[in-house]
Amino acid sequence: MTARGYAFHVIFDAMRRWPDVEAPGLVAVDAADRLILDESAEMRASAQPGDIVVINDAYGALTLGAAQAGASGMGTHIDALTGERALDANASRVSLTGSFRTLPLDAELVRGARVVLLRLPRSLDALRDIAGLIAAHADPRVVVVAGGRLKHMSVSMNDVLRESFEQLDISHARQKSRVLIARAPRDGRDPSPAAARVEGLEVRAFGGAFAGARLDIGTRLLLDNLPDAPAGGTPDDPLIDLACGTGIVGAWIATRYPGAHVYACDQSAVAVASAHATMLANGISDRVAVVRDDVLGTRPSASASFIALNPPFHSAAAVTDLIAPRMFADVARVLRPGGQLWCVWNSMLRYRPLLETAIGPTSQVARNAKFTVTVSTRR
Ligand SMILES: C[S@@+](CC[C@H](N)C(=O)[O-])C[C@H]1O[C@@H](n2cnc3c(N)ncnc32)[C@H](O)[C@@H]1O
């Protein structure tokens with residue numbers, strides 16, 4: 001049987017979240033994906049090659065569901081690198097690799113699009129950036145089929161979509177999911193980052209970057225307690241800002257330790273774009289490399305003396321305690337013996353035993369009502 005002969009459930013059954021964390025209850029395809037595909041079926045049926053664009057697919061269900069129904073020449077964008085890699089792995093599994101191209105979230109992605117399948121981002125600012133971009137560059141007849149789980153949706157999303165589209169229709173809820181259908185684009189604009197001056201730093205944030213152009217209170221505790229003179233900071237052994245978000249930690253480190261080389265990385269495309277803009281705005285781009293990476297995948301083993309980390313606890317929309325251990329394992333690989341991880345975490349998460357096991361001796365540096373900062377030394 002050819003791939004197109006498969007029913008959705010056959011390709012969906014084959015799909016996985018890997019290389020993102022996997023566990024019972026963490027799914028690669030959900031009811032919102034199915035609803036977006038069902039609500040867009042008629043529009044997709046008359047689409048020509050290149051008419052369909054997918055934005056924020058989680059692990060590829062929208063892209064591959066549309067491909068399985070015959071779509072070709074699709075552009076698709078996934079913010080998280082693990083999601084993008086999962087899409088590629090899933091496409092191979094179901095023999096649908098040639099039907100889409102992965103593209104950055106920019107004008108080229110949406111230019112001339114007639115149908116956009118959008119998995120609603122949790123952040124209203126991210127939705128505003130995406131809606132504005134579509135309105136600016138898609139075909140004037142574009143239809144945006146934007147869906148999500150009810151628990152992650154709010155009526156404010158309708159208002160944000162109405163800023164960029166004249167017409168908004170709202171589907172009935174099905175299996176705790178809903179779809180918003182937007183037509184008649186207007187007032188399109190390319191995303192530009194929010195800007196603020198925070199603790200003497202210029203911070204830039206595209207919609208969806210963690211904490212926006214602000215200093216998170218956990219991050220503040222980390223910054224207040226970083227060491228006076230960390231080891232490393234050379235081109236071969238840069239100070240590492242892991243999971244950098246807007247790059248606020250990396251920019252702070254580069255400013256506090258003048259002349260130090262810094263490496264800031266995040267798997268989120270929006271975070272990396274924000275961090276680039278932050279480094280430019282502070283005039284430190286020559287010393288700070290900003291890289292999109294899954295944890296520290298491109299860093300050599302046993303190479304780093306210093307890593308700072310405020311770890312995430314979301315994987316796509318799911319809250320899970322599996323992400324930090326995955327990060328700590330890669331930190332352990334990349335730290336040289338004696339190298340240090342400076343980490344802030346919500347005290348309720350009780351990461352200390354995990355840090356001790358994965359990395360080495362761990363001591364508390366600071367604690368307030370909500371957060372703990374620890375330093376772990378690679379054994
Ligand atoms: C709590 S935020 C911290 C951001 C920034 N360091 C700060 O303190 O403001 C966690 C960051 O981890 C990133 N992240 C999640 N999974 C990741 C992964 N597998 N590899 C790299 N970064 C990841 C998220 O995109 C997010 O920007």
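Predicted model: local features only at pLDDT ≥ 70, side-chain atom pairs only at ≥ 80, totals over all residues.
**Exercise 1. Packing of helix 6 and helix 7**

Task: Work out how helix 6 and helix 7 are oriented to each other, and which residues make the contact.

Solution: 
- Two packed helices are described by the angle between their axes and the distance between the axes.
- Locate the elements. Helix 6 spans residues 124-137 and helix 7 spans residues 155-164.
- Take the two values. The angle is about 25°, and the axes are 8 Å apart.
- Apply the cut-off. Angles under 35 degrees count as roughly parallel, so helix 6 and helix 7 are roughly parallel to each other.
- The crossing of helix 6 and helix 7 is right-handed.
- List the contact residues. Helix 6 supplies Leu 124, Leu 127, Arg 128, Ala 131, Gly 132 and Ala 135. Helix 7 supplies Ser 156, Met 157, Val 160, Leu 161, Glu 163 and Ser 164.
- Sort them by class. The contact of helix 6 with helix 7 has 7 nonpolar, 3 polar and 2 charged residues.

**Exercise 2. The aromatic pairs**

Task: Find the aromatic pairs in the whole structure and classify the geometry of each.

Solution: 
- Count first. The search of the whole structure gives 2 aromatic pairs.
- Classify Phe 328 with Tyr 351. Their ring centres are 5.4 Å apart and the planes stand at 90°. Planes over 60 degrees apart count as edge-to-face, so this pair of Phe 328 and Tyr 351 is edge-to-face.
- Phe 328 sits in helix 11 (residues 323-334). Tyr 351 sits in the loop between strand 16 (335-346) and helix 12 (352-358). The pair therefore ties together parts that are 23 residues apart in sequence.
- Classify Trp 345 with Tyr 351. Here the ring centres are 5.8 Å apart and the planes are at 55°, so the pair is tilted.
- Check burial. Under 20% relative accessible area means buried. Phe 328 has 0% and is buried. Tyr 351 has 4% and is buried. Trp 345 has 6% and is buried.
- Join the pairs. Phe 328, Trp 345 and Tyr 351 form one aromatic cluster.

**Exercise 3. The setting of Thr 219**

Task: Decide whether Thr 219 is buried or exposed, and name the residues it touches.

Solution: 
- Thr 219 belongs to helix 8 (residues 217-224).
- Read the accessibility. Thr 219 has a relative accessible area of 4%, so Thr 219 is buried.
- List the neighbours. Leaving out residues up to four places away in sequence, Thr 219 touches Phe 210, Ile 248, Val 249 and Asn 310.

How values were computed: Residues numbered from 1 in each chain as written. Heavy atoms only, no water. Helix = DSSP H or I, 4+ residues; strand = E, 2+ residues; numbered from the N terminus. Buried < 20%, exposed > 50% of the residue type's maximum accessible area, 1.4 Å probe, protein only. Contact = heavy atoms within 4.5 Å. Axes fitted to C-alpha atoms, helices over the stretch in contact; angles between N-to-C directions. Parallel < 35°, antiparallel > 145°, perpendicular 65-115°, else oblique. Left-handed = near helix turned anticlockwise from the far one by under 90°. Nonpolar A, V, L, I, M, F, W, Y, C, P; charged D, E, K, R; others polar. Phe/Tyr/Trp six-rings, centres within 6.5 Å; stacked < 30°, edge-to-face > 60°.
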